[in-house]
Amino acid sequence: MKEILRITKGKNAQTISALGKLDTSKDWKITIEEWSCSRTISQNKMYWDLLTEIGKYLGYSSEEMHSLMAYKYLSYKSNVMDKEITVIPSTTKLNVKEFSNYISQVKSFASELGFKNNTNTHSGAFQDFQDA
């Protein structure tokens, strides 16, 4: 059983109630972390539009650009049975701040290759990232 409860500014009665209902004959793992919002639909659209434009400039599809950028900026090394592997986490797991940093890296990379994004269609969505 996995349940996510959100404690909002001191309103924790629901969480305390849920903890009180746990089966005391079992061991439980409880994780508490700061709540963070994930990106919005408009922010996601801006990201994919950006990848499409960069892909056109470089000769790749948006899906290829997504994979390349995730590998370049999000991947890390891990060991599985003493074998080193490269893990590429999903961008859907990034919170607003992490996604904003990731988008900045993608834009910087494209800019270094001479890409200039002349469309301002989603500038507000990108501003949302920066303000989060």
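Trainee: What should be kept in mind about numbering and confidence?
Mentor: Residues are numbered from 1 along each chain as its sequence is written, and side-chain values use heavy atoms, with hydrogens and water left out. Because this is a predicted model, local features need pLDDT of at least 70 and side-chain atom pairs count only at pLDDT 80 or more, while totals for chains, interfaces and linings use all residues.

Trainee: In what order do the elements of the protein chain run from the N terminus on?
Mentor: Helices (H or I, at least four residues) and strands (E, at least two) are taken as DSSP runs, numbered from the N terminus. On that basis the protein chain holds 5 helices and 2 strands. Their order from the N terminus on is α-α-α-β-β-α-α.

Trainee: Buried residues make up what percentage of the 132 residues in the protein chain?
Mentor: Buried means under 20% relative accessible area, exposed means over 50%, and partly exposed lies in between, with a 1.4 Å probe and protein chains only. Of the 132 residues in the protein chain, the buried share is 23%.

Trainee: Within what arc do the buried residues of α3 fall when seen down the axis?
Mentor: The expected span of a helix is 1.5 Å times one less than its number of residues, so the 13 residues of α3 should span 18 Å, which agrees with end C-alpha atoms 17 Å apart. The buried residues of this helix are S62, M65, H66, M69, A70 and L74. Taking the directions from the helix axis to the C-beta atoms, these buried residues line one face of α3, because they fall within an arc of 130°.

Trainee: Which residues do ring pairs link into a cluster?
Mentor: Rings of Phe, Tyr and Trp (its six-membered ring) pair if their centres lie within 6.5 Å, and planes under 30 degrees apart count as stacked, over 60 as edge-to-face and the rest as tilted. A search of the whole structure finds 6 aromatic pairs, among them the edge-to-face pair of Y47 and W48, at 5.5 Å centre to centre with 75° between the planes. Y47 counts as buried at 0% relative accessibility, whereas W48 counts as partly exposed at 25%. The cluster linked by ring pairs consists of Y47, W48, F99 and Y102.

Trainee: How many residues apart in sequence are the parts that the pair of Y73 and F109 ties together?
Mentor: Y73 and F109 form an edge-to-face pair, 6.5 Å centre to centre and with 75° between the planes. Y73 is partly exposed, with a relative accessible area of 24%, and F109 is buried, with 18%. Because Y73 lies in helix α3 (residues 62–74) and F109 in helix α4 (residues 96–112), the parts tied together are 36 residues apart.

Trainee: In which loop does M81 lie?
Mentor: Most residues other than glycine have a negative phi. M81, however, has a positive phi of about 50° although it is not a glycine, and D82 likewise has a positive phi, near 65°. M81 counts as exposed at 78% relative accessibility, and D82 is exposed with a relative accessible area of 77%. The loop that holds M81 is the one between β1 (76–80) and β2 (83–87).

Trainee: Which residues make the nonpolar surface patch of about 440 Å²?
Mentor: Patches are made of residues with over 30% relative accessible area and no salt bridge, where like charges are joined within 9 Å and nonpolar side chains (Val, Leu, Ile, Met, Phe, Trp, Tyr) within 5 Å; the areas come from the Shrake-Rupley method with a 1.4 Å probe, and for residues only the protein chains shown count as cover. One member, W28, lies in the loop between α1 (13–20) and α2 (41–58) and counts as partly exposed at 36% relative accessibility. The patch is made by L19, W28, I30 and I32.

Methods: Salt bridge = Lys/Arg side-chain N within 4 Å of Asp/Glu carboxyl O.
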